[in-house]
Amino acid sequence: MQKLEEGVIVKFKENGKAGKAPSSTPCKRCKRPAEPKLVPIIGWKEQEYCRECLNIVLAEKEKEAQKRIKEEKISRLIKESGIRGIMYNMTFGSFEPRYRGVAYSTAKKYAEDFGIGTKHGLMFYGHAGSGKTHLAVAIIKQIIEEKQIRVKFVRIVDLLLEIRKTFDENESWKAENESDLLRKYALVPLLILDDIGSEKTTDWVRQVLYQIIDERWIEQRPIIVTSNLTLDELEARLGERIASRIAGMTQLIEMRSNDYRIKINPKI
Ligand SMILES: Nc1ncnc2c1ncn2[C@@H]1O[C@H](COP(=O)(O)OP(=O)(O)O)[C@@H](O)[C@H]1O
Ligand SMILES: [Mg+2]
Ligand SMILES: [Zn+2]
């Protein structure tokens, strides 16, 4: 509104009266006459826009402001999600059409249907380089962009490093850090646990992973898990408690394509 007032000519009142209305000026948008407006105390003000155009211009400005707010929210959510580096390129659009099979369509449908009430998750498993992380990232990017829902992506190795930092010298939990960590990973509406089962596991690793997964299970919050291991292999590595929780919380999706990385760069 203020912007529209810039540059308008103020006709001062004469002897406490508004004086004679100046003639209309052409509307900046439609060129039809824009009637001057009588403003208390100030007097007559010429108008940049006719009444109809003023409403349209204000509505456009409001729409632009909303769009900016939405874009800012999206970039903040992306930044806070844990997506970084090469992951910015992992979208449904950049997933090669000839590999778009059941895994791709299930992932895409999951992203489209996802809402705050979604309870079930997904588990992508299969060879390294088969596109598991790519699809998981594509899902969360789409959810952020289309629905502005908060999501968190974490590689299990990074999660464990973070957990390790919260241990004191005696390798016992610091209660406040434990609850911080749990809160961070248990409360987010969607959590991606990337590359589970690749880490060196100890009892405390299993304990913390179980706590996070179990907390999400209790609250009915979904997880998306990626792993090079099958559920049986995961059970052998992480124990029955974790594997059965994951099995109960996710739809299993096997990734069958061969190592995509070898195809894009045979020298690696
Ligand atoms: N079908 C695909 N189309 C395009 N890029 C792909 C595809 N599958 C994998 N990639 C790319 O290959 C690399 C390895 O894939 P990634 O998803 O990290 O494999 P995984 O997590 O299964 O080990 C990534 O850069 C990813 O973007
Ligand atoms: Mg991966
Ligand atoms: Zn007009």
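Two strands are said to pair if DSSP finds at least two bridges between them, and helices (H or I, at least four residues) and strands (E, at least two) are themselves DSSP runs, numbered from the N terminus. The structure described here is a predicted model, in which local features need pLDDT of at least 70 and side-chain atom pairs count only at pLDDT 80 or more, while totals for chains, interfaces and linings use all residues. Residues are numbered from 1 along each chain as its sequence is written, and chains are lettered from A and ligands numbered from 1 in the order in which they are written.

## The chain as a whole

The secondary structure of the protein chain comes to 10 helices and 10 strands. Of its 268 residues, 27% are buried, where a residue is buried if 20 or more other C-beta atoms lie within 10 Å of its own, exposed if 12 or fewer, and partly exposed in between, with C-beta atoms placed from the backbone. Two residues are in contact if their C-beta atoms, placed from the backbone, lie within 7 Å; among the contacts in the protein chain with a separation of 6 or more, 73% join residues 24 or more positions apart.

An open sheet is formed by 5 strands in the order 7-8-9-6-10, with parallel pairing. Strand 7 (151–155) and strand 10 (250–255) stand at the edges with a single partner strand each, so one side of each has no neighbour in the sheet. From one strand to the next the twist averages 15°.

Within this sheet, strand 8 (residues 190–194) and strand 9 (residues 223–227) pair in the parallel sense over 3 bridges, and the bridge partner of Leu191 in strand 9 is Ile223. Strand 9 is also joined to strand 6 by 4 bridges, the two running parallel, and here Leu122 stands opposite Ile224 in strand 9. Strand 6 pairs with strand 10 as well, in the parallel sense over 6 bridges, with Met123 opposite Leu252 in strand 10.

In strand 6 (residues 121–126), 6 of the 6 residues are buried, so this strand is largely enclosed by the rest of the structure. In a regular strand the side chains alternate between the two faces of the sheet. Here Gly121, Met123 and Tyr125 point one way from strand 6, whereas Leu122, Phe124 and Gly126 point the other way.

A nonpolar core is a set of buried Ala, Val, Leu, Ile, Met, Phe, Trp, Tyr and Cys residues joined through C-beta atoms within 7 Å. The largest such core has 50 residues, and those with the most contacts inside it are Ala107, Phe124, Ile139 and Ile140. Helix 4 (residues 132–147) gives the most to this core, with 8 residues. Leaving out residues up to four places away in sequence, Ile140 touches Ser81, Val151, Phe153, Leu190 and Ile192.

| Helix pair | Angle | Axis separation |
|---|---|---|
| Helix 2 (residues 51–81) and helix 4 | about 150° | 9 Å |
| Helix 3 (residues 102–113) and helix 4 | about 25° | 9 Å |

Helix 3 is therefore roughly parallel to helix 4, and helix 2 and helix 4 are roughly antiparallel to each other; angles under 35 degrees count as roughly parallel, over 145 as roughly antiparallel, 65 to 115 as roughly perpendicular and the rest as oblique. The crossing of helix 2 and helix 4 is right-handed, and that of helix 3 and helix 4 is right-handed, a crossing being right-handed if the near helix is turned clockwise from the far one by less than a right angle, and left-handed if anticlockwise.

Ile74, Leu77, Ile78 and Ser81 in helix 2 meet Ile140, Ile144 and Glu145 in helix 4. From helix 3, Ala103, Tyr104, Ala107, Tyr110 and Ala111 meet Leu135, Ala138, Ile139, Gln142 and Ile143 in helix 4.

## Individual residues

Most residues other than glycine have a negative phi. Gln148, in the loop between helix 4 and strand 7, has a positive phi of about 50° although it is not a glycine, and it counts as exposed with 12 C-beta neighbours inside 10 Å. Gln220, in the loop between helix 7 (203–218) and strand 9, has a positive phi of about 60° and is exposed, with 11 other C-beta atoms within 10 Å.

Glu215 is found in helix 7 and counts as partly exposed, with 15 C-beta neighbours inside 10 Å. Apart from neighbours within four places in sequence, Glu215 is in contact with Leu182 and Ala186.

How values were computed
Axes fitted to C-alpha atoms, helices over the stretch in contact; angles between N-to-C directions.
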